[in-house]
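Me: I've got a new structure open and I'd like to walk through it. Can you help me read it?

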Amino acid sequence: MYQAEVDQVSVDTKMGQITILPDHLPLVASLVPGELLLKNDNQETPLAISGGFIEVQKDNKVIIL
């Protein structure tokens, strides 16, 4: 489990790569295996994922399962 405030989240979905920035529209998407990239203060944190789902909520909350 990872929980932190970040400036940007980039991840590969079944429809292509998406980047979530502040005030992004709410969405739900299926993820494909690959890399999840978190950016905060010009520092990048890569995480490996094996698929799953992403939910972006209207209050700037991102949930990845």
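**The core and its strands**

Reply: The largest nonpolar core has 10 residues in all: Val9, Val11, Ile20, Ala29, Leu31, Leu36, Leu38, Ile49, Ile54 and Val56. A nonpolar core is a set of buried Ala, Val, Leu, Ile, Met, Phe, Trp, Tyr and Cys residues joined through side-chain atoms within 4.5 Å. E1, strand E3 (27-31), E4 and E6 each supply at least two residues of this core. Helices (H or I, at least four residues) and strands (E, at least two) are DSSP runs, numbered from the N terminus.

Me: What should I know about the model itself?

Reply: This is a predicted model, where local features need pLDDT of at least 70, side-chain atom pairs count only at pLDDT 80 or more, and totals for chains, interfaces and linings use all residues. Residues are numbered from 1 along each chain as its sequence is written, and side-chain values use heavy atoms, with hydrogens and water left out.

Me: Which strand does E1 join through 5 bridges?

Reply: Strand E2 (residues 16-20), and the two run antiparallel. Two strands pair if DSSP finds at least two bridges between them. Asp12 stands opposite Gln17 in E2. E1 and E2 form a hairpin, with 2 residues between them.

Me: And what about E1 and E4, how many bridges there?

Reply: 3 bridges, in the antiparallel sense, with E4 covering residues 34-40. Gln8 has Lys39 in E4 as its bridge partner.

Me: What does Leu38 touch?

Reply: Leaving aside neighbours within four places in sequence, Leu38 is in contact with Tyr2, Val6, Gln8, Val9, Gln43, Glu44, Thr45 and Leu47. Contact means heavy atoms within 4.5 Å.

Me: New topic. How many salt bridges does the structure hold?

Reply: The structure holds 1. The side chains of Glu44 and Lys39 meet in it, at 3.4 Å from N to O. A salt bridge is a side-chain nitrogen of Lys or Arg within 4 Å of a carboxyl oxygen of Asp or Glu. Lys39 counts as partly exposed, because its relative accessibility is 27%.

Me: Last one. How many residues line the largest pocket?

Reply: 24 residues, of which Tyr2, Ala4, Val9, Val62 and Ile63 lie nearest its centre. E1, E4 and E7 are the elements that give two or more residues to the lining. The largest share, 4 residues, comes from E7. A pocket is found on a 1 Å grid over the protein atoms alone, as an open set of points where a 1.4 Å probe fits, with protein on both sides within 12 Å along at least five of seven lines; lining residues have an atom within 4 Å of a point.

Notes
Buried means under 20% relative accessible area, exposed over 50%, partly exposed in between (1.4 Å probe, protein chains only).
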